[in-house]
Each structure stands twice: as C-alpha cells, then as structure tokens.
Amino acid sequence: MADTPVFEFSPAEIQEIQRHVAKYPESRSAVMPALWLAQEKFGWLSPEAMQLVATTLDLPYSHVYGVASFYTMYFKEKVPKHLIEVCTCFTCSVTGGPEMLDYVKEKIGADAKGIGKDGKIWCRAAECLGACDTAPVAQITNRRYVHNLTEEAVDELIERLNKDEEIPFSSIPLKNQANFES
Ligand code: FES
C-alpha cells in the first residue's frame, strides 16, 4: 500500500512561508507562494494540502480553495510528475501547436484527460504562453519553456522527462538572437 502523506510543513517550510507573509500587510497575501510550496511538496493540492495552507496562514479553507481553483497552474487532481503544456493559441495554432499537442498525446499514449499510459507524463493545451515569436511553444511543469517545438524536440523532451532529467534552456534560434542583443 502506498504511503499516506503526512500533511504538515517542516520548520524550514514554515519559515519560508513566514518570509512571504512578512512582505505583505495581511497574511492572506502569501496564499499563492504557500500553495505553490504545498504543491511542490505533495505533488498536487488535495483538500488536505489546501487545509494545511489555510491552517498555516489562519485563513478560511474557502479562501484558499478559491485561489487554488482560479489558476490552472495549481493542480487540484492527482497528476503525473511531469506536464507538457502545448500552446494552441493563435500564433501557435498557425505554426503547428495543435499538431504538436497531438504528437505528444500519441507519444505518451494519453487518455482522454491527457494522462500518459505509464503515469509519468501528462499533457494539455495551454493558452498563450507569451512567447509567440518562437511558436510553437510548450511549457514544462509550470517552469521551463521549449521554443520552436518540433517532433524531434518532443521526442527528446519525453526521453528526458522519463529519466527525470533537467530540461535545458532551449536556445533562441539564431535568426532571432539579434533582437535580444541590441
Ligand atoms: S500563441 Fe503560443 S505563445 Fe503566444
């Protein structure tokens, strides 16, 4: 039987949350970094994890749930460790984003919810990731972007994620570098 997580923050994690609380006039303003920390620790925001955040910040559960449910970056269901979010918004949609998402789904054997068959990677469509000049673009588990997505890049990405490897910064193509140097 899988271990049941103990829903508590360590002294170091509480200290980290207090560091955020100290930045604001009210503790409720620290709810987002506290939720983030809980998600990093437990993998997703179960009711127990959200209750822990509520108790730690002395807030009503409804407030914490309200914030968590507003943002897609907070996972309210148990999900695999790695997420590939492929942008299918306008610029990405005309440069192959939807096709890249289909390719990711096929490669990981995704079910209707985008969960890969080995339970290690999941995927979903994203709204504009703000990197339209290097479309199509994907974001990996709320962090690293992969620009100018190709099937070869997806192959490499999935291989690395399956090995829990760090995703390297995907370099800006040479034709665009001048834009960043001036
Ligand atoms: S439309 Fe895909 S990053 Fe903007």
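A crossing of two helices is called right-handed if the near helix is turned clockwise from the far one by less than a right angle, and left-handed if the turn is anticlockwise. I begin with that definition since it will be needed for both helix pairs that I present today. Please keep in mind throughout that the structure above is a predicted model.

Let me start with the chain as a whole. It contains eight helices and four strands. Read along the sequence, these elements follow the pattern α-α-α-α-β-α-α-β-β-β-α-α. The C-alpha atoms fill a box of roughly 50 × 50 × 25 Å, taken along the principal axes. Of the 182 residues, 28% count as buried. Consider also the contacts between residues at least 6 apart in sequence: 55% of these join residues at least 24 apart.

The chain is divided into two parts, namely domain 1, residues 11–70, and domain 2, residues 82–181. How far apart do the C-alpha centres of domain 1 and domain 2 lie? The distance between these centres is 29 Å.

I turn now to the helix pairs. Two packed helices are described by the angle between their axes and the distance between the axes.

The opening definition now applies: α6 passes α7 in a right-handed crossing. Which residues meet here? On the α6 side they are M100, Y103, V104, K107 and I108, and on the α7 side E151, V154 and I158. By class, this contact of α6 with α7 comprises six nonpolar residues, two charged ones and no polar ones.

The next pair is helix α3, residues 47–57, and helix α4, residues 61–70. These two pack at an angle of about 120°, and their axes are 8 Å apart. Such an angle makes α3 oblique to α4. The crossing of α3 past α4 is right-handed. From α3, the contact involves M50, Q51, V53 and A54, while α4 contributes Y61, V64, Y65 and A68. How do the residues of this contact of α3 with α4 divide by class? Seven are nonpolar, one is polar and none is charged.

To close, I would ask you to find both pairs in the structure: α6 with α7, a right-handed crossing, and α3 with α4, likewise right-handed. Thank you for your attention.

Conventions:
Residues are numbered from 1 along each chain as its sequence is written. This is a predicted model: local features need pLDDT of at least 70, side-chain atom pairs count only at pLDDT 80 or more; totals for chains, interfaces and linings use all residues. Axes are lines fitted to C-alpha atoms, for helices over the stretch in contact, and angles run from 0 to 180 degrees between N-to-C directions. Angles under 35 degrees count as roughly parallel, over 145 as roughly antiparallel, 65 to 115 as roughly perpendicular and the rest as oblique. Two residues are in contact if their C-beta atoms, placed from the backbone, lie within 7 Å. Ala, Val, Leu, Ile, Met, Phe, Trp, Tyr, Cys and Pro count as nonpolar, Asp, Glu, Lys and Arg as charged, and the others, Gly among them, as polar. Domain bounds come from an automatic or database domain assignment. A residue is buried if 20 or more other C-beta atoms lie within 10 Å of its own, exposed if 12 or fewer, and partly exposed in between; C-beta atoms are placed from the backbone.
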